[in-house]
Each structure stands twice: as structure tokens, then as C-alpha cells.
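Subject: Structure handover

Hello,

Please find the structure below. My notes on it follow.

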Amino acid sequence: MKKEGQIRIPSGCAIAAVISRSGKLMSGERIIKAMEPMHDRSNGLGGGFAAYGIYPDYKDFYAFHIFFDCRDTRKKTEAFLKEHFEIVKGEIIPTRKIPEITDEPIIWRYFITPLKSVLAELQLDEKEFVARTVVKINSEISGAYVFSSGKNMGTFKAVGFPEDVGRFYKLDEYEAYSWTSHGRYPTNTPGWWGGAHPFTLLDYSVVHNGEISSYDANRRFIEMFGYKCNLQTDTEVITYILDYLVRRQGLTLGEAASVIAAPFWSTIQNKTDIYDKEKHKYLRTIFPSLLITGPFSIVLGFNGGLMALNDRLKLRSMVVGEKDDKVFIASEEAAIRKMEPYAENLWSPAGGEPVIIRVEEGKY
Amino acid sequence: MIINAENIKYDDLNTAIRNAKGNIELLNVCGQRFIASGMQDKRIIINGIPGNALGAYLNGGKINVKGNAQDAVGDTMNAGEIIIHGNIGDAAGYAMRGGSIFVKGNAGYRTGIHMKAYKEKVPLIVIGGTAGSFLGEYQAGGVIVVFGLNKKYKKIVSNFPGTGMHGGKMILRSNCKDIIFPKQVSVNPATTEELEEIKKIAEKYCDFFDEDINIIMNSPFTIITPNSNNPYKQLYVTN
């Protein structure tokens with residue numbers, strides 16, 4: 001089967017997210033429901049979810065979710081992991097057999113931690129080593145694909161409609177304080193399991209509606225820093241850009257948003273707040289290759305929060321609503337109403353205006 | 001006739017609307033797209049959240065939404081009236097060529113993009129609140145009105161209004177001192193004649209949404225039209 005990158009895919013898509021600011025846990029039922037009224041934004045060739053706070057018993061370990069094409073690949077990958085990590089648990093991810101989801105690969109998860117001796121020898125910090133391991137497996141072990149690698153979080157994705165993918169992975173049995181989801185509409189690709197959203201690295205996950213036209217410029221820049229865009233889908237590069245800007249460069253989320261959805265120079269020029277103006281000038285000058293052009297609305301998930309962002313021209317829709325401790329984000333208001341019929345303060349963030357929601361400190 | 005739209009697919013819902021006689025009231029609408037698209041002479045009240053492209057290609061009749069609506073309301077509509085008692089999403093009245101859309105609250109991006117007019121067909125969009133960026137982008141005809149009621153700290157319209165505008169008229173209830181317009185449009189205070197025209201539109205708005213006409217009219221109004229002295233010949237390429 002051809003993977004993406006061998007075939008180009010423009011896409012439509014639906015996204016939704018919910019988070020509890022007070023860290024209350026929710027089963028996956030609500031987020032699956034959100035995808036129902038947006039069914040026609042997807043075409044059955046990809047659906048997926050990210051969930052935060054689902055592995056409290058293993059919260060100090062990196063949870064690797066991996067697709068394997070066959071048993072040999074799994075054995076090879078496990079041997080590779082054992083050389084560098086302590087594996088405290090490895091198991092098949094439980095799934096439900098349903099007629100809507102077919103041709104599944106072998107799907108396992110591993111709770112692992114890098115060996116201290118390996119880190120000391122390589123003089124790398126833990127996260128950097130784990131990130132490099134993900135890139136290495138995905139680019140060097142044919143048939144293995146790490147699609148989730150954060151602590152106390154996990155992504156679940158497949159070829160199918162998102163509602164069916166949610167049932168397939170039994171998401172009603174997981175409890176998370178934050179969920180994101182995606183329904184995919186690739187129009188000229190066979191679609192494969194690794195190509196579904198969310199795209200993740202460490203605890204960063206990205207769901208994306210749109211198609212970025214700066215993909216190759218972004219990819220060329222980010223690959224200079226050790227990332228490898230194996231899938232050649234645009235969303236993958238957004239995940240790496242955000243990892244690079246936030247984890248490696250130490251930018252705040254708001255600053256990272258100003259880099260990837262930078263305002264026009266004319267808009268910057270007309271800013272009256274001098275500090276804000278200089279900051280935007282600086283960011284656009286330092287990271288010109290990380291400006292993302294073309295339509296996108298994304299939700300970035302991370303441990304303890306979410307960030308929603310539209311492209312600067314706002315070529316995709318996004319609505320935000322609230323109710324009590326919860327914040328809802330979706331491509332359509334109908335999806336929010338499905339999650340919470342009495343949602344309040346509904347609004348559409350402007351293009352390039354990040355919406356950042358954090359769980360109270362100590363509550364996740 | 002009352003139709004409960006809960007868990008009904010959009011095409012089945014439209015079939016039910018097409019077959020219904022007399023006034024129609026929809027309950028529990030949640031994201032069904034294309035409601036009433038291409039229909040005429042239907043009078044529909046919608047409770048819930050209609051999906052994208054509400055009243056697309058509408059050719060007459062009246063749609064009344066008792067809350068918010070999503071994107072592309074009245075896409076390419078030709079005649080009729082859409083009244084929204086809440087906010088609307090992006091690209092309302094996209095390529096609209098007749099009829100009217102009244103919105104009580106705010107509008108998203110690109111309201112009235114590519115709106116056009118021909119002879120007696122002059123479409124009208126009225127926004128009670130504020131409008132997002134690219135209001136009237138590539139506008140070729142028709143009238144867009146923004147009242148900016150309850151805007152608080154927000155500007156009446158966000159960035160780049162009237163970009164690519166080459167016909168029609170925008171009316172903003174503001175002196176527009178804080179708005180930056182492109183070079184290709186003319187920006188003038190409303191004349192007495194134009195204020196009369198605005199008043200008629202405002203009366204209709206007040207009729208639908210129970211607002212005070214005196215509050216609306218007690219404000220400066222600015223008229224934006226294409227500037228024929230500064231055409232587009234070099235906007236994209238030198239030729």
C-alpha cells in the first residue's frame with residue numbers, strides 16, 4: 001500500500017477538543033459525540049484522538065503507542081528499545097472488533113524510561129533522547145511507527161470515521177482531563193493508519209484542519225534540527241515546529257503562535273503598543289522559515305493544557321465555548337452544543353489569535 | 001408544521017422541509033448543513049444550531065434562526081430573507097446576488113465576500129454587532145451595513161475591510177477613525193440622502209430584533225465605495 005507522501009493529499013477535516021480547567025476527568029464518550037454533527041467533514045479515511053491524564057499509574061514513564069506491520073517488526077523494535085530503555089510494561093492496546101474498522105496493524109503500547117547510563121553517555125536530556133528515539137524508529141525501522149510518545153497521555157488513531165475510531169479503541173473506558181479529536185478528509189490518497197491525526201512528539205499532539213502551503217519551506221528548515229518528516233503530511237511538520245519553538249527554543253506558547261501565524265508586516269507596522277510591535281518584528285525576523293501559510297485551524301495538546309490557533313487569514317472555522325470548569329473548541333458550534341448544550345460565551349477567535357487554556361497547577 | 005430535527009441527516013431534513021406545507025418550525029437542529037438550500041417560498045423558524053451553508057442558493061421565502069448560525073449563511077442566495085437572532089460564522093452572504101440577511105449580533109470573517117448586484121437585484125447584509133476581517137472582500141455590488149452595537153472595546157470591523165472592492169457600498173455606523181482602508185476605496189461621511197436610506201434599513205432591523213431606532217441613528221455613519229480614480233491595474237502585477 002502506498003503511504004502518504006507518495007501521493008499528495010489536500011484535506012478538509014473536523015476538529016474538536018474539551019478540557020477541564022480544574023483537572024476533572026471525563027470519559028471519551030463526550031468527545032466522540034462532538035464528532036457526530038461534523039460527520040460530513042470527514043470521509044472515513046482517518047480519525048483520531050489525544051487524551052491527557054489517562055495513565056496515572058504510569059505517569060513517570062513515556063507511553064509509546066506503536067503500529068507494527070508484522071510480528072518480526074515488533075520483535076526488532078522491542079530489541080532496539082531494550083538497548084536504551086527500561087520497559088516496565090508492554091501490551092496490546094485493547095480494541096473492539098467492529099465492521100467499520102478493518103485492516104488494523106499490530107497495535108502495542110510500552111511504558112518506558114531511558115536508561116540512566118545511556119543518557120549519561122550521550123550527554124542528552126531525557127526528553128531530547130526520547131524525541132530522537134521516536135524519529136529514529138520512524139525513519140529507520142521499516143514497518144514500525146511510534147504514534148504517541150508522551151507521559152500520562154496517549155493518542156489513538158485509525159483509518160475510519162472518528163466516531164468509529166473512538167469505539168474501536170474503547171475510549172469510553174479512558175478518563176482524561178483533556179481530549180482532542182480529528183476527523184479526516186483526504187481526497188486523493190489511500191489513507192493509512194499513521195497518516196491519521198493527531199500527530200505527536202513527546203506530550204505535544206496536534207490536530208489540524210486545513211492544508212498548509214508553506215510545507216516544504218517549513219520542512220527544509222525543521223529537518224536541519226534533527227526532525228524527519230517521514231509522512232510528508234503537512235500536520236506532522238506543525239508538531240515538530242511547535243516542539244522546536246517551545247521545548248527547544250524556550251518560547252512561550254503565545255510567542256510560538258506569533259511565529260507560525262505571524263501578522264502581516266503592515267499589521268505589525270500599525271501596532272501602537274511598542275513592546276508588542278518590537279516583539280513581532282523580532283520573531284518574524286528570527287524565524288521567517290517557520291511562518292505557516294495557507295489555511296489551518298489547529299489544537300495543540302500538551303500536559304496540562306491546550307492551545308487553539310487559526311492561520312492569520314482565518315481560512316478555517318473555529319469556535320470556542322465554556323461551561324463551568326470546561327472549555328470546548330470545535331470547527332463548528334454544533335459540535336460544542338453536542339458536548340454541552342448549555343455552553344456559554346461562545347466566540348470565534350480571530351486569525352493568529354491563540355487561545356491557551358491551562359489546567360490549574362497541581363490538578364493534573 | 002413542526003419537524004423535530006434531532007439525529008436526522010441533512011438530506012432527509014431538507015426532504016421533510018420540501019414536503020411540508022405552511023409555516024415550518026424546526027426543533028433540535030444541530031449542525032445539519034444546507035438547510036432550505038435552493039428552496040423558495042418557505043417560511044422556516046429554526047431552533048438550535050443550523051449547519052454550514054444555511055439557505056445557500058435560497059430563491060425566496062423567509063428563514064428565521066432563533067440563535068447562532070455557522071459558516072456560509074446565504075451562500076449565493078438569489079432572493080428571500082434570512083434573519084439570525086444571534087451571531088454568524090465566516091463568509092456570510094458569499095457571492096450573494098439578491099435578498100437580504102439580517103444578523104442581530106456579530107459576524108465572522110469575509111462577510112459579503114464577492115457579493116454582486118444586477119439591475120433590480122441588490123442584495124443586503126445587515127450586521128447589528130461587529131464584523132471580522134475582510135468585510136466585503138472583492139465586493140462587486142449590493143449593500144453591507146454594520147451597526148457595531150455593543151462592541152465595547154472592539155473595533156466595528158477588524159482588519160482589511162473592502163480589500164479588492166470594485167462595486168456596491170458598505171455602510172459603517174462609526175466615524176471609522178480607527179479603521180485602515182485600502183487605497184482602492186473611497187471613505188466618506190454619509191450624506192443626508194444616505195442617512196434616509198440607512199434609517200429605512202435600521203427600522204427593519206429594529207423591527208426584527210426589538211432595538212431602539214434612535215440609538216442606532218444617533219451616530220456618525222461612514223460610506224465606503226470603490227474609488228474609480230485608483231483602479232486595480234497594478235494591484236497584482238504590472239501590466
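A residue is buried if 20 or more other C-beta atoms lie within 10 Å of its own, exposed if 12 or fewer, and partly exposed in between, with C-beta atoms placed from the backbone. By that rule, 52% of the 364 residues of chain A are buried.

This is a predicted model: local features need pLDDT of at least 70, side-chain atom pairs count only at pLDDT 80 or more, and totals for chains, interfaces and linings use all residues. Residues are numbered from 1 along each chain as its sequence is written, while chains are lettered from A and ligands numbered from 1 in the order in which they are written.

Fold. Chain A has eleven helices and 18 strands (DSSP runs numbered from the N terminus: H or I, at least four residues, for helices; E, at least two, for strands).

Core. The largest nonpolar core has 173 residues (a set of buried Ala, Val, Leu, Ile, Met, Phe, Trp, Tyr and Cys residues joined through C-beta atoms within 7 Å). Ala16(A), Ile241(A) and Ile329(A) have the most contacts inside it. Helix H7 (residues 234–248) of chain A gives this core its largest share, seven residues.

Interface. Contact means that the C-beta atoms of two residues, placed from the backbone, lie within 7 Å. On that basis, 17 residues of chain A meet 17 residues of chain B. Helix H11 (residues 333–339) of chain A gives the most to chain A's side, with five residues.

Contact range. In chain A, among contacts between residues at least 6 apart in sequence, 76% join residues at least 24 apart.

Best regards
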